[in-house]
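Work through the exercises below with the sequence and the 3D view at hand. Try each task before you read its solution.

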Amino acid sequence: MSPLSQVDLRTYSLDRFREVVEPAAYERAVAVLERSRELLGGRTVWHLNSTAEGGGVAEMLRSLLAYARGAGIDARWAVIEGEPEFFRITKRLHHALHGSTGDGSPLGAQASRVYGEVLRPNIEAFLEDLRPGDAVFLHDPQTAGMAPALMAHGATVIWRCHIGTEDLTPEAEGGWGFLAPHVREVPLRVFSRQAYIPPVLDDGRSAVVQPSIDAFSAKNEEQDEDVTRAILAQSGLISGPAGNGPRSFTREDGTTGSVEREASVLREGDAPDWGDPLIVQVSRWDPLKDHGGVMRGFASFVERCDADGRSQLVLAGPDVSGVTDDPEGGIVLEELKAEWAAFPEHLRSRMHLATLPMDDVGENAAMVNALQRHASVIVQKSLREGFGLTLTEAMWKSRPVIASRVGGLQDQVSHGEEGLLLDDPADVEALGDALCRVMDDEELAAELGANARERVRADFLGIRHLAQYHDLLNGLLA
């Protein structure tokens, strides 16, 4: 297809989950997917989004669709093409649906014209492969405008929105005013939280499905300590030679890969030693992730509680050139570098800004896995967040987490049970207090980490997510 491109997908068996989830949950999911296969009768289930690499949506699709194929469903994934102005507009919509201003540009007739002009050739290309009766999941604002044409072609369309806000601010109203006409007639829309369903779409045809992680991917698979150490050394995230130790990870096709590249790290002085406690945040370079606030919260912790003076902060994100649908990332990273440079040397030397290479998605995932497993505590200090997949990944690795009480983060963590929540995401002193509490109490950290893993096992693995998607689809097909 052109200008769309199809993503090569693997096929994974659901049997992987037999030893992970409760038997009743496993059998229920299998039954739902068998019903989908019967109702589809050989037709295809498509998923469309705007990037195959970088970000949580792409990560989820890569694994969920492989499991769907393993259940005998013809699941396919296509990625739309767009020009820089299109992605600037959709990033503006992304901010608007979070209730923030983004670049403040108008979402009027000109933006609507560009949006429609870019989607038109994508629609024409997709219709060459779309058969009447196929099912199509359209993901996020980038693809919403395709819905009417696909429905007119005879497809069963579901629009999946991964972002939102509890507060219907003027910005959010403007964003929904732009998007709602495109998805108003869609038979089903899916959101991550009930509170994210806007009044204009609260008509009984919107549902809630929480995201998930793939426990068996390179980002989340079990990793021996010697592998973790070797990967971090090779990546330049800790000091010392990588040596001849294994730097291995499991690729999508089941073969073994090896971490060979290095991260690009802005630091002053040496990398952390293996024995230095690491405080870590992993996220895109997005202003809503509040990296600067994390640095200030870390500074508050260091000045008050870090008695041995060894704790280090690592802010890690993707190489911005590898995330095609986020034109803002490079700007945010440059601003963050300037903010880092303004800290006094004794603090700046313990803050590390790491951009992880995206040339090899599996290698990137293995680096994240190693960094999260080695972390003493993982932070997700977002100002707004639809759902924090990196937080879920950290919880699966039994890491104590500190997160803002915003959006989907508060659905993932119960304060004092699976982690600590910050009531005011802008309060850097509160982050410092929370770091003091967790870093000074090994028993508390271990308890939070153990509870966190169990919460993910029960609620946030892919088999539940996929079954919910297909349960909803089955309702439409039947």
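Buried means under 20% relative accessible area, exposed over 50%, and partly exposed in between, with a 1.4 Å probe and protein chains only. Helices (H or I, at least four residues) and strands (E, at least two) are DSSP runs, numbered from the N terminus. The model is predicted: local features need pLDDT of at least 70, side-chain atom pairs count only at pLDDT 80 or more, and totals for chains, interfaces and linings use all residues. Residues are numbered from 1 along each chain as its sequence is written, and side-chain values use heavy atoms, leaving out hydrogens and water.

**Exercise 1.** Find which residues of H8 are buried, and what they pack against.

Solution. Start with the range: H8 covers residues 225-235. Eight of its eleven residues are buried. They are Val 227, Thr 228, Ala 230, Ile 231, Leu 232, Ala 233, Gln 234 and Ser 235. Now look for contacts (heavy atoms within 4.5 Å). The buried residues of H8 pack against strand E8 (248-250) and helix H12 (361-374). Last, step past the helix end: Gly 236 has a positive phi of about 80°.

**Exercise 2.** Locate Gln 223 and list its contacts.

Solution. Gln 223 sits in the loop between strand E7 (206-208) and H8. Its relative accessible area is 12%, so Gln 223 is buried. Leaving out residues up to four places away in sequence, Gln 223 touches Thr 228, Ile 231, Ala 366, Asn 369, Ala 370 and Arg 373. Check Thr 228 again: its side chain and that of Gln 223 make a polar contact of 2.7 Å. Such a contact is a pair of N or O atoms within 3.5 Å; within protein, one must be able to donate a hydrogen and the other to accept it, and residues adjacent in sequence count only if both atoms are side-chain atoms.

**Exercise 3.** Trace the neighbours of strand E5, and say which residues lie on each face.

Solution. E5 spans residues 156-160. In a regular strand, side chains alternate between the two faces of the sheet. Here Thr 156, Ile 158 and Arg 160 are on one side, Val 157 and Trp 159 on the other, and all are buried. Next, the pairing (at least two DSSP bridges between two strands). E4 (residues 135-139) pairs with E5 in the parallel sense over five bridges. Ile 158 is the bridge partner of Phe 137. E6 (residues 188-191) runs parallel to E5, joined by three bridges. There, Arg 160 stands opposite Val 190.
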